[in-house]
Amino acid sequence: MSQSSISFTAADSGREFRSALGRYATGIAVVTLRTPAGELLGLTVNSFNSVSLAPPLVVWSLSSASSSMAAFEASEYYAINVLAAGQQDLSQRFASRGEERFGGLALDEGLGGAPLLPGCCARFECRNATRHTGGDHVVFIGEVERFDYREDEPLIYFGGAYRRLAA
Ligand SMILES: Cc1cc2nc3c(=O)[nH]c(=O)nc-3n(C[C@H](O)[C@H](O)[C@H](O)COP(=O)(O)O)c2cc1C
């Protein structure tokens, strides 16, 4: 039997809004780039999704508070690395401040020098096509120029916690 739900308005706390959004299960990705000076940047996102097949477009959003905003707005290319079931540690690493985010990883080099992480389910190399401001985030639409994938199980994020696909 399903539980009854409670209604909220936009004036209610942001916590309830986050809880409601958390009922939508997603994967986890790490978006990466290389700056013109050669610095590697990347962060964990669960806002990644598909947009269009022809042309091949994907979407993700970046918080205005991100230390990487200027670099992502300026970069011609970035890569979206979809994490596999066993890569929860990478998700935490790329979401934490003060971590050596790329330390010890066997990276491949993508378009524009964007680092491609090892062991991922799928990796999309994107041209930074368009950006739109949406409240406290900027929505990035990327045109996929190259990608790879394998049949591994994905890391799942639901209700604020990491999950795995059921058997
Ligand atoms: C599961 C998960 C999903 C996240 N999704 C996003 C996202 O979609 N967009 C975003 O800007 N930050 C997201 N974050 C937060 C960033 O990963 C985190 O704030 C990171 O430290 C930002 O790094 P930066 O300031 O160096 O860019 C997410 C974090 C976690 C753990």
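The model is predicted, so local features need pLDDT of at least 70, side-chain atom pairs count only at pLDDT 80 or more, and totals for chains, interfaces and linings use all residues. Residues are numbered from 1 along each chain as its sequence is written, and side-chain values use heavy atoms, with hydrogens and water left out. The largest pocket holds about 1600 Å³ of space. The largest nonpolar core has 22 residues. The disulfide count is 0.

**Terms for pockets**

- Rolling a probe the size of a water molecule over the atoms shows where empty space is left.
- The search uses a 1 Å grid over the protein atoms alone and a 1.4 Å probe; a pocket is an open set of points with protein on both sides within 12 Å along at least five of seven lines.
- Lining residues have an atom within 4 Å of a point.
- Grid points are joined across faces, edges and corners, and a volume is the space filled by probe spheres set on the points.
- Helices (H or I, at least four residues) and strands (E, at least two) are DSSP runs, numbered from the N terminus.

**The largest pocket**

- Its lining counts 45 residues.
- Thr44, Val45, Asn46, Ser47 and His137 lie nearest the centre of this pocket.
- Helix H1 (14-21) supplies at least two lining residues, and so does each of the strands E1 (26-27), E3 (40-45), E5 (57-63) and E11 (156-158).
- Strand E3 gives the most, with 6 residues.
- The lining has 19 nonpolar, 19 polar and 7 charged residues.
- In these classes, Ala, Val, Leu, Ile, Met, Phe, Trp, Tyr, Cys and Pro count as nonpolar, Asp, Glu, Lys and Arg as charged, and the others, Gly among them, as polar.

**The second largest pocket**

- The volume here is about 210 Å³.
- Gln3, Ser4, Ser5, Ile6, Phe8, Glu16, Ser19 and Ala20 form the lining.
- By class, 3 are nonpolar, 4 polar and 1 charged.

**The nonpolar cores**

- In soluble globular proteins, nonpolar side chains tend to be buried together.
- A nonpolar core is a set of buried Ala, Val, Leu, Ile, Met, Phe, Trp, Tyr and Cys residues joined through side-chain atoms within 4.5 Å.
- Buried means under 20% relative accessible area, exposed over 50%, and partly exposed in between (1.4 Å probe, protein chains only).
- In the largest core, Trp60, Phe72, Tyr78, Ile80 and Phe140 touch the most other members.
- Strands E2 (29-34), E3, E5, E6 (77-82), E9 (122-134) and E10 (137-149) each supply at least two residues of this core, as does helix H2 (69-74).
- A second, separate core has 10 residues, including Leu83, Phe94, Phe102 and Leu105.
- Phenylalanine 140 has contacts (heavy atoms within 4.5 Å) with residues that include Val58, Trp60, Leu62, Phe72 and Tyr78, leaving aside neighbours within four places in sequence.

- Valine 31 sits in strand E2 and is buried, at 0% relative accessibility.
- Leaving out residues up to four places away in sequence, valine 31 touches Leu41, Leu43, Trp60, Phe72 and Ile80, among others.
- Glutamate 125 belongs to strand E9 and is also buried, at 7%.
- Beyond its neighbours within four places in sequence, glutamate 125 is in contact with residues including Tyr78, Leu111, Glu143 and Arg146.

**Cysteines**

- A disulfide is a pair of cysteine sulfur atoms within 2.5 Å, and by this rule there are 0.
- For cysteine 120, the nearest cysteine sulfur is that of cysteine 121, 7.4 Å away.
- Cysteine 120 is buried at 6% relative accessible area, and cysteine 121 is buried at 8%.

- Isoleucine 156 lies in strand E11 and is buried at 16%.
- Thr26, Tyr162 and Leu165 are among the residues that isoleucine 156 touches, not counting those up to four places away in sequence.
- Glutamine 88 is in helix H3 (residues 88-93) and is partly exposed, at 38%.
- Glutamine 88 and arginine 163 are 75 residues apart in sequence and 9.5 Å apart in space, C-alpha to C-alpha.
- Proline 55 lies in the loop between strand E4 (49-52) and E5.
- The peptide bond from alanine 54 to proline 55 is cis, with omega near 5°.
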